[in-house]
Amino acid sequence: MQRRVLLSIMTYFIGIPAPIRDFDNLIVNPYAPIPIENRHLTLVYIGKNSLTPHDILSVKRTLTHLKKFSLTFKGLFGYPSLSRPRYLATRPVNSYFLKALRNKIMSSIKETTINDRYETFSPHVTIAYTRSKCDLNLIRVAEQICKRAKNISCILTVNKIVLYTAEGGKFRVAEVLSG
């Protein structure tokens with residue numbers, strides 16, 4: 001019997017811790033909640049290469065005057081789409097400030113460092129996931145959960161921006177960049 005070895009590659013991203021629990025009681029099988037310590041909003045995906053000490057210092061300088069702020073989230077949606085709902089996520093009601101913040105952070109980092117794979121910035125916090133095969137039953141369950149979540153909103157107070165490492169589905173704060 002041949003064994004397959006799965007190698008996990010460490011990646012880096014800058015994000016906001018987002019321990020949102022307001023939708024947890026809506027999550028039903030075959031979905032499972034994302035562990036609360038792994039919930040975050042990604043601002044900039046960096047990729048396999050970590051930030052240099054110079055880049056970290058540059059981002060910290062950029063965020064020096066950043067004050068605590070709030071984000072309002074409303075409802076859940078299927079991600080990447082409701083026709084393929086592998087994840088259930090919530091998004092901020094207004095993302096203009098986050099887009100400006102993301103652009104500010106990205107402009108403070110050397111372009112060669114960033115391997116941002118997102119063509120369009122779509123800020124969200126993933127609340128649940130499934131490993132089930134996408135079929136009509138899964139789509140129906142996702143639609144029902146999203147329908148029940150439609151009028152639920154919550155406020156997240158953001159008091160820090162962090163550099164995360166991700167490996168094998170686990171996230172760890174590598175460095176606090178503001179707050």
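**A colleague's note on this fold**

1. Let's start with strand S3, residues 40–47: it is mostly covered, with 8 of its 8 residues buried. Buried here means under 20% relative accessible area, exposed means over 50%, and partly exposed is in between (1.4 Å probe, protein chains only). Strands (E, at least two residues) and helices (H or I, at least four) are DSSP runs, numbered from the N terminus.

2. Keep in mind that this is a predicted model: local features need pLDDT of at least 70, side-chain atom pairs count only at pLDDT 80 or more, and totals for chains, interfaces and linings use all residues. Residues are numbered from 1 along each chain as its sequence is written, and side-chain values use heavy atoms, with hydrogens and water left out.

3. Who sits beside S3? Strand S1 (residues 11–17) pairs with S3 in the antiparallel sense, over 6 bridges; two strands pair if DSSP finds at least two bridges between them. Look for proline 17, whose bridge partner in S3 is histidine 40.

4. There is also an open sheet of 5 strands, in the order S2-S6-S5-S4-S7, with antiparallel pairing. S2 (32–33) and S7 (153–158) stand at the edges with a single partner strand each, so one side of each has no neighbour in the sheet. Within this sheet, S5 and S6 (residues 125–129) pair over 4 bridges in the antiparallel sense, and alanine 89 stands opposite threonine 126 in S6.

5. Now find helix H2, residues 96–107. Which residues of H2 are buried? They are Leu98, Leu101, Arg102 and Ile105. On the face turned away from the buried side, H2 carries exposed Tyr96, Asn103 and Ser107.

6. Finally, the largest nonpolar core has 43 residues, and Ile14, Ile16, Tyr31, Leu43, Ile105 and Ile161 touch the most other members. Such a core is a set of buried Ala, Val, Leu, Ile, Met, Phe, Trp, Tyr and Cys residues joined through side-chain atoms within 4.5 Å. Helix H3 (residues 136–149) gives the largest share of this core, 6 residues. Apart from this core lies another, of 5 residues, among them Phe13, Tyr45, Val162 and Tyr164.
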